[in-house]
Amino acid sequence: MNYLLNSPDDYHDWTCKENMNVSHEEKDSDFWKNYYKSNKKFTNDDIHIYKNIIPHELYKKMLVFKDEKILWKFGYTNKKETLFDTNLGIDEIHHFYADLYHNLFFSSLFYKIILPNLPCIENKDNIQIDRLFITGQLHGLSDLFHKDERSSINYGPSVYFFLNDNWKTYHDGNLSFLLDSETNDIMHVENKSNKIIVFPPDMYHRSSEISGYGLFDNVFNSIVQYHLIYK
């Protein structure tokens, strides 16, 4: 069955149990301790950017779903152990989210459209979705630098795409990647409609704050996130 022929809302059960929380294999193992605490150095080449892979008609369906159908929840934060600076003494500011893990439109979109067009991902036949959700961000809400969680040590990349319409450069809300924590070398990826970003999940990253101009325009920054593992 081609789930992409219909609306994402046709395949969404808002009463379904969420898949937002990750249960690690051997959570307290040295592997995970090193995963979260290591300050590995990266380069721009570790971040892959693709534009307009998703057909326009499918992108429009998702925009309608985001703007008119999603039952947004408020309260998503990254776990403390995933943060770059765990000694801040403050909680990360909460933001909006919706779990899409059981939505057949979004999973079909990934396997049929997105994954085949990402040459940077190897061993595609063994890739599976570990978590799938969308975040929503208003002016004044932003992430701290963090690493993405996984349920398996056989982790694959994170695949994000901006789900925004007519986003302006002066709205900001970019994705920022901490390439080197010693030199504070940061790469910024500009927020743009239908842009896909693929990167290692153990690279510290954050969504930057929306500008005051975004407040005037009442924009809402949404990012669909696929967190992948290998079978």
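**Close-up 1. Aspartate 172 in the loop between strand 5 and strand 6.** Aspartate 172 sits in the loop that runs between strand 5 (155–162) and strand 6 (175–180). Please keep in mind, here and in the views that follow, that this is a predicted model. For background, most residues other than glycine have a negative phi. Aspartate 172 counts as partly exposed because its relative accessibility is 34%, a value between the 20% and 50% cut-offs.

Close-up 2. Asparagine 164 belongs to the loop between strand 5 and strand 6. Is asparagine 164 buried or exposed? Its relative accessible area is 1%, so asparagine 164 is buried. The side chain of asparagine 164 makes a polar contact of 2.9 Å with the side chain of asparagine 221. Leaving out neighbours within four places in sequence, asparagine 164 is in contact with Tyr59, Leu63, Lys66, Asn191, Ser193, Phe220, Asn221 and Ser222.

Close-up 3. Asparagine 218 is not a glycine, yet has a positive phi of about 55 degrees. With a relative accessible area of 63%, asparagine 218 is exposed, because exposed means over 50%.

Close-up 4. Glutamate 18 is part of the segment before helix 1 (30–37). Which residues does glutamate 18 touch, not counting those up to four places away in sequence? They are Lys73, Tyr97 and Asp99. With lysine 73, glutamate 18 forms a side-chain to side-chain polar contact of 2.8 Å. Glutamate 18 counts as partly exposed, at 30% relative accessibility. For a sense of scale, the C-alpha atoms of glutamate 18 and serine 152 are 18 Å apart, while 134 residues separate the two along the chain.

**Close-up 5. Strand 3 and the strands it pairs with.** Strand 3 (residues 95–99) is largely enclosed by the rest of the structure, because four of its five residues are buried. Strand 2 (residues 73–76) pairs with strand 3 in the antiparallel sense, over three bridges. One place to look is tyrosine 76, whose bridge partner in strand 3 is histidine 95. Strand 3 also runs antiparallel to strand 4, to which four bridges join it. Opposite alanine 98 you will find isoleucine 134 of strand 4.

**Close-up 6. Helix 3 and what packs against it.** Eight of the eleven residues of helix 3 (residues 104–114) are buried, and the helix is mostly covered. Those buried residues are Phe105, Phe106, Ser107, Ser108, Leu109, Phe110, Ile113 and Ile114. Which elements do they pack against? The buried residues of helix 3 pack against helix 2 (56–69), strand 4, strand 5, strand 8 (195–199) and strand 10. At the start of helix 3, the backbone nitrogen of phenylalanine 105 has a side-chain oxygen of asparagine 103 within 2.9 Å.

**Close-up 7. Inside the largest cavity.** The model has two cavities of 30 Å³ or more, and the largest of them holds about 190 Å³ of space. Its lining is made up of 21 residues, with His95, Thr135, Asp143, Ser207 and Gln225 the closest to the cavity centre. Strand 4 (127–137), strand 9 (205–207) and strand 10 (221–230) each contribute at least two residues to this lining. By class, the lining of the largest cavity consists of twelve polar, six nonpolar and three charged residues.

**Close-up 8. The second largest cavity.** How much volume does the second largest cavity have? The figure is about 60 Å³. Around this cavity are Ser38, Asn39, Lys40, Phe42, Leu178, Leu179, Asp180, Ser181, Asp202, Met203 and Tyr204. Sorted by class, the lining residues of the second largest cavity are five nonpolar, three polar and three charged.

Close-up 9. The loop between helix 1 and strand 1 (48–51) holds aspartate 45. Aspartate 45 has a relative accessible area of 63% and is therefore exposed. Aspartate 45 and phenylalanine 199 are 154 residues apart in sequence, and their C-alpha atoms are 9.4 Å apart in space.

Technical notes. Residues are numbered from 1 along each chain as its sequence is written. This is a predicted model: local features need pLDDT of at least 70, side-chain atom pairs count only at pLDDT 80 or more; totals for chains, interfaces and linings use all residues. Side-chain values use heavy atoms; hydrogens and water are left out. On a 1 Å grid over the protein atoms alone, a cavity is a set of points where a 1.4 Å probe fits but cannot get out, and a pocket is an open set with protein on both sides within 12 Å along at least five of seven lines; lining residues have an atom within 4 Å of a point. Grid points are joined across faces, edges and corners, and a volume is the space filled by probe spheres set on the points. Ala, Val, Leu, Ile, Met, Phe, Trp, Tyr, Cys and Pro count as nonpolar, Asp, Glu, Lys and Arg as charged, and the others, Gly among them, as polar. Buried means under 20% relative accessible area, exposed over 50%, partly exposed in between (1.4 Å probe, protein chains only). A polar contact is a pair of N or O atoms within 3.5 Å; within protein, one must be able to donate a hydrogen and the other to accept it, and residues adjacent in sequence count only if both atoms are side-chain atoms. Contact means heavy atoms within 4.5 Å. Two strands pair if DSSP finds at least two bridges between them.
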